[in-house]
Amino acid sequence: MIETIAVPELTAKEQMGFWRRVAIRGSDECWPWLGAKTSTGYGSVRVRGRLYRAHRIAWALCTGRGAELDGFVVLHTCDRPRCMSPWHLRRGTVADNSADMARKGRSGSAKLTADQVRAIRSAGGSRREISARYGVHPTTASKIRRRERWAWLD
Ligand SMILES: [Zn+2]
């Protein structure tokens, strides 16, 4: 799930192809990725036959430090996996990522109660609405509904 591979230098043509798939906006706004996504909601892009998380490419292109991503994650300060804004991305360690996820209540099923899980399963609305209402990540909400999380609960 966590990606910590270095990002290669992109040619001018590859860079243009990359930014064409980003909704470039102001410095105080998120820049949504318009291309392919992973099942967990991250932008996904193929560079010379290999798939990368798009926000890692964005960070590398804006800093010129793609080689320094070997062993590191790129974190979203805005908590939007699809965001490509260089102002919302920072390099961090895997430990930073875990701390970030725990702080945002994404560490999985541990923080929810059985009653909350039942409520998520019976509630209507989109996974985004569920996410906002119960303070879980949209992916977690989906997994709970599909019984990939808390599968043992009736
Ligand atoms: Zn953002």
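Axes here are lines fitted to C-alpha atoms, for helices over the stretch in contact, and angles run from 0 to 180 degrees between N-to-C directions. Helices (H or I, at least four residues) and strands (E, at least two) are DSSP runs, numbered from the N terminus. The model is predicted: local features need pLDDT of at least 70, side-chain atom pairs count only at pLDDT 80 or more, and totals for chains, interfaces and linings use all residues. Residue numbers start from 1 along each chain as its sequence is written.

Start with two helices. The axes of helix 4 (residues 114-122) and helix 6 (residues 138-145) come within 9 Å and cross at roughly 85°. That makes helix 4 roughly perpendicular to helix 6. From helix 4, Val117, Ile120 and Arg121 meet Ala141, Ile144 and Arg145 of helix 6. Contact means that the C-beta atoms of two residues, placed from the backbone, lie within 7 Å. The residues of this contact divide into four nonpolar, no polar and two charged. Here Ala, Val, Leu, Ile, Met, Phe, Trp, Tyr, Cys and Pro count as nonpolar, Asp, Glu, Lys and Arg as charged, and the others, Gly among them, as polar.

Helix 6 has another partner. Helix 5 (residues 127-134) packs with helix 6 at an angle of about 105°, and their axes are 8 Å apart. Helix 5 is therefore roughly perpendicular to helix 6. Arg127, Arg128, Ile130 and Ser131 of helix 5 make the contact with Pro138, Ala141 and Ser142 of helix 6. By class, the residues of the contact of helix 5 with helix 6 are three nonpolar, two polar and two charged. Phi of Arg147 is near 65°, a positive value in a residue other than glycine. Arg147 counts as exposed because it has 12 C-beta neighbours inside 10 Å. The burial scale counts other C-beta atoms, placed from the backbone, within 10 Å of a residue's own: 20 or more is buried, 12 or fewer is exposed, and in between is partly exposed.

Now the whole chain. Its secondary structure comes to six helices and four strands. Along the sequence the pattern reads α-β-β-α-β-β-α-α-α-α. The C-alpha trace spans about 55 × 30 × 30 Å along its principal axes. The chain is divided into domain 1 (12-103) and domain 2 (107-154), with bounds from an automatic or database domain assignment. The centres of the two domains, taken over C-alpha atoms, are separated by 26 Å. Of the 154 residues, 25% are buried. Among contacts with a separation of 6 or more, 53% join residues 24 or more positions apart.

Next come the cores. A nonpolar core is a set of buried Ala, Val, Leu, Ile, Met, Phe, Trp, Tyr and Cys residues joined through C-beta atoms within 7 Å. The largest has 20 residues, and Ala54, Ile57, Ala58, Val74 and Met84 have the most contacts inside it. Helix 2 (54-63) and strand 3 (73-76) are the elements that give two or more residues to this core. Helix 2 supplies the largest share, five residues. A second, separate core of eight residues includes Leu112, Val117, Val136 and Ala141.

Lys37 is found in the loop between helix 1 (12-19) and strand 1 (44-47). Lys37 is partly exposed, with 14 other C-beta atoms within 10 Å. Beyond its neighbours within four places in sequence, Lys37 contacts Tyr42, Gly43, Ser44 and Arg82. Lys37 and Ala54 are 17 residues apart in sequence, and their C-alpha atoms are 8.8 Å apart in space.

Arg48 lies in the loop between strand 1 and strand 2 (50-53). Phi of Arg48 is near 45°, again positive in a residue other than glycine. Arg48 counts as exposed, since it has 9 C-beta neighbours inside 10 Å.

Asp70 sits in the loop between helix 2 and strand 3. Asp70 is exposed, with 10 other C-beta atoms within 10 Å. Leaving aside its neighbours within four places in sequence, Asp70 is in contact with Ile5 and Ala6. Asp70 and Ala6 are 64 residues apart in sequence, yet 4.2 Å apart in space, C-alpha to C-alpha.

Methods
Angles under 35 degrees count as roughly parallel, over 145 as roughly antiparallel, 65 to 115 as roughly perpendicular and the rest as oblique.
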